[in-house]
Amino acid sequence: MENIAGQKSSLGIVTHVATFLLVLIWIIPTLGLFVTSMRDQDAISQTGWWRALQGSPQTYVLSAPVDDQVQDGDLWVVELNVFEGASAEELPEDIMDRSAVASFGTSRLRGPSTDPGETAEGRGDLMVTVQSNGDLRATSPERFDGPLVLPMALVAPPQLTTENYSEVLTDMNAEERAQARDQGATLTDMLFSDEALFGPFINTLTVSIPATVIPIIIAAFAAYALAWMDFPGRGLLIAIVVGLLVVPLQLAFVPLTIIHSWFGIEKSFLGIWLAHTGFGLPLAVYLLRNYMVGLPRDIIECAKVDGATDFEIFLKIVLPLSFPALASFAIFQFLWTWNDLLVASVFLPSDTESTVMTRFVVTNLLGSRGGEWHILAAAAFVMIAVPLVVFFTMQRYLVRGLLAGSVK
Amino acid sequence: MFDSVLFTGIVTIIVGVGGMFAYFWLSNMFLDKVLFPASGPNIGRNINRATAIRPWLFLFPAIFALGLYLVVPVGYSAWLSVTSGVAEDGGWYRNYSEIFQNRTFRVALLNNLLWVLVVPAGATFFGLVAAQLTDQLSWGNIAKSLIFMPMAISFVGASLIWSFVYHPSIDIGVINAIRGLFGAEEGVTLIDGQIFDSFLLMVVLIWIQTGFAMVILSAALRGVPEETVEAAIIDGANPFQIFFKIKVPQIKGTIVVVWTTITILVLKVYDIVAAMGSQYRNLEILPTQMMQYFDSGNYGFATAISVVIMVLVLPVMVWNIRQARAEMR
């Protein structure tokens, strides 16, 4: 048995490493876009997102004063720190906060080509050494007669910004927003402007909440009847519900467009609420019936003996006890309706006033701004944020629902 | 405008929810107090009749909605596919024969079959591996959560996430950056309409569905009796043998359920191709084809394609129903 125990512990490390790698592969794509959504537009095209925390080097030309030069043997020596004193005055504030020299040089033409800590040679036996913290030592056989002009690549601190989110939600960049504000536009005006993502965000909410609530009630009553009432044809009905679980939605598009047009609700919110209700019902009835059938028979029979009607039993006993199943379905349906593109393409008009986020991203953003990743990344995370919050807070019910639906 | 949309939404919830409860309450009242009151000379007969009718009161809204939004459309679509469009003045089969003569349709059909083969296999495989790995670890639940997370992300969001991974620039896309590590000088365009680019889109769906497979298979793995594993250890089986020869055969049923559930999903998937490869004909699948004909108002072809999708789903549907019936007995 010792042998087996030994095998286990060596395998244990492999398991840890393998799981870690798997998780890494699974979250890197999301992480990449998330980091990108908070980076400056220029930074995105210059360096990979995995370098975002390192900051990106930018080249500046510094002029270091030579007032403090001293003679040391044959050489004239200047020692100073480039981030202090006169040479620092030309640098932008944000460089000063987390200053580091990535490379430097002695000639503007050749640019910053020497690594910090090493020595660069210049005209007239000029020798310059710069440390990454900015300490500079320059020596020359002749007296320095003007400031040293040195190109330097300085690492800007990582710039994480929420500007992309503001831009995508209002469809205006910082300048345009300032202008609009000067012209008297309020925040509401900007959020509801024509090409802004905020409108589709509200529309998505408007589609998904009624489309989640309504099928739950219809399905709960039906599930109760299928679980606890005896009537001819019950088995057949359950079989039909199971069959309908897998019917492709595509079959319903043309007929429903025609049927909806009879009532004048094609391409309308009412139409999409009804469509989502119909499409969500099989899963709702199936999940809820499976759960309700497992409730203890005693409770329900006792209530019947005490003279409770079916309606009372359903409302006061079965419905409260079925909360976990109701929650599972609610999460499924909410995620499904929030994330849906297909049903929205068929049942909602495509104008920005009533379109949902998924459709807005695919038709408006991917088409016209396909290369602008600062916009696309921020839009993606506006779209993903709500489902992620629901997911992480209600994961327990989601898992339970999945298990009830598939494992017996 | 937006305020009024939100307002309509709230009113709909109130009217919808209130209306449903009012319907159930009033119809039950009507049944018990007016139609068949539990009093008077026929009390026994009345109670029996009320009991016979009540289930249908409970079921009516669901049956009505399911009928109108799923059952009727299936029949109606099938009918339209043999009567509308080119079928109007040719044979009933004209819509079908014409779409099958279209090269793009055949490519879409082939792609769909590839999706159906690759995605369920990939997601089930990774799900099984993830389930087995995470079940043994103290931080397994966190790992599970993170692998499961893509389930919450919309297909469109996932498409954006992966388009960025596939970005053609060596400084932006992760895949190209990895090629850079191995000495590549310049990035390549990964998705440019080659037929095998479909596999890159399939990766997105595998990435999303692995969490689903993992959750269900993990529950099944935990149900495998300890004794069988212990017996195998004593007989000197190594961990791989234990996994593939002891555990996997015992959860075969669940693996089939996971596989078929993902297969159904794959047949309906539209968003990923619409978001990532809509400009390339070689990447099309049946649902994107169907939507093109739908948008251009060619209902004959659109319904014909949707019926083709239905036919592909049919075996799974029959199998599901038989499973459910077997369980109820």
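Helices are DSSP runs of H or I at least four residues long, numbered from the N terminus. In this predicted model, helix α13 of chain A spans residues 323-339 and holds A:Ser328. A:Ser328 has a relative accessibility of 2%, so it counts as buried, the cut-off being under 20%. Beyond its neighbours within four places in sequence, A:Ser328 is in contact with A:Tyr397, A:Arg400 and A:Gly401. A:Leu365 is 37 residues from A:Ser328 in sequence. In space, the C-alpha atoms of A:Ser328 and A:Leu365 are 33 Å apart.

Chain A also carries annotated spans. In an unreviewed entry, UniProt lists six stretches under "transmembrane region", namely residues 12-35, 207-229, 236-263, 269-288, 313-336 and 373-392 of chain A. Two of them are described here. Residues 207-229 of chain A are 96% helix and 0% strand. The end C-alpha atoms of residues 207-229 lie 34 Å apart. Residues 269-288 of chain A are 100% helix and 0% strand, with end C-alpha atoms 27 Å apart. For chain B, an unreviewed UniProt entry lists residues 109-320 as "domain: ABC transmembrane type-1". This part of chain B is 74% helix and 0% strand. Its end C-alpha atoms are 24 Å apart.

The two chains meet in an interface. Chain A brings 113 residues to the contact, and chain B brings 101 residues. About 9800 Å² is buried between chain A and chain B. Carbon and sulfur atoms give 83% of that area. Three residues, A:Trp26, A:Gln250 and A:Leu251, supply 8% of the area that chain A buries against chain B, more than any other three residues. Eight residue pairs are in polar contact across the interface. On the side of chain A that touches chain B, helix α1 (residues 2-37) gives the most, with 17 residues. By class, this side of chain A has 81 nonpolar, 26 polar and six charged residues.

B:Ala302 is buried, with a relative accessible area of 0%. Not counting residues up to four places away in sequence, B:Ala302 touches B:Met290, B:Tyr293 and B:Phe294, as well as A:Val254. B:Gln194 is 108 residues from B:Ala302 in sequence and 25 Å away in space, C-alpha to C-alpha.

Side chains of opposite charge can pair when their charged atoms come close. Over all chains, eight salt bridges are found. Across the interface of chain A and chain B there is one salt bridge. A:Asp310 pairs there with B:Arg54, and the closest N and O atoms are 3.6 Å apart. The pair runs from B:Arg54 in helix α2 (residues 43-83) of chain B to A:Asp310 in helix α12 (residues 310-321) of chain A. B:Arg54 is buried at 9% relative accessible area. A:Asp310 is also buried, at 13%. A network of salt bridges links A:Asp310, B:Asp32 and B:Arg54.

Other salt bridges lie within a chain. A:Glu163 pairs with A:Arg177, with closest N and O atoms 2.9 Å apart. A:Glu163 is in helix α4 (residues 163-170) and A:Arg177 in helix α5 (residues 174-182), 14 residues apart. A:Glu163 is partly exposed at 23%, whereas A:Arg177 is buried at 11%. In chain B, B:Arg94 forms a salt bridge with B:Glu98 at 3.1 Å. These two residues are separated by about one helical turn because they are four residues apart in helix α3 (residues 94-101) of chain B. B:Arg94 is partly exposed at 26%, and B:Glu98 is partly exposed at 29%.

How values were computed:
Residues are numbered from 1 along each chain as its sequence is written. Chains are lettered from A and ligands numbered from 1 in the order in which they are written. This is a predicted model: local features need pLDDT of at least 70, side-chain atom pairs count only at pLDDT 80 or more; totals for chains, interfaces and linings use all residues. Side-chain values use heavy atoms; hydrogens and water are left out. UniProt positions are given in the numbering used here, feature names are shortened, and annotations may be inferred rather than shown by experiment. Buried means under 20% relative accessible area, exposed over 50%, partly exposed in between (1.4 Å probe, protein chains only). Contact means heavy atoms within 4.5 Å. Buried area is the accessible area (1.4 Å probe) that two parts lose on being put together, summed over both. A salt bridge is a side-chain nitrogen of Lys or Arg within 4 Å of a carboxyl oxygen of Asp or Glu. A polar contact is a pair of N or O atoms within 3.5 Å; within protein, one must be able to donate a hydrogen and the other to accept it, and residues adjacent in sequence count only if both atoms are side-chain atoms. Ala, Val, Leu, Ile, Met, Phe, Trp, Tyr, Cys and Pro count as nonpolar, Asp, Glu, Lys and Arg as charged, and the others, Gly among them, as polar.
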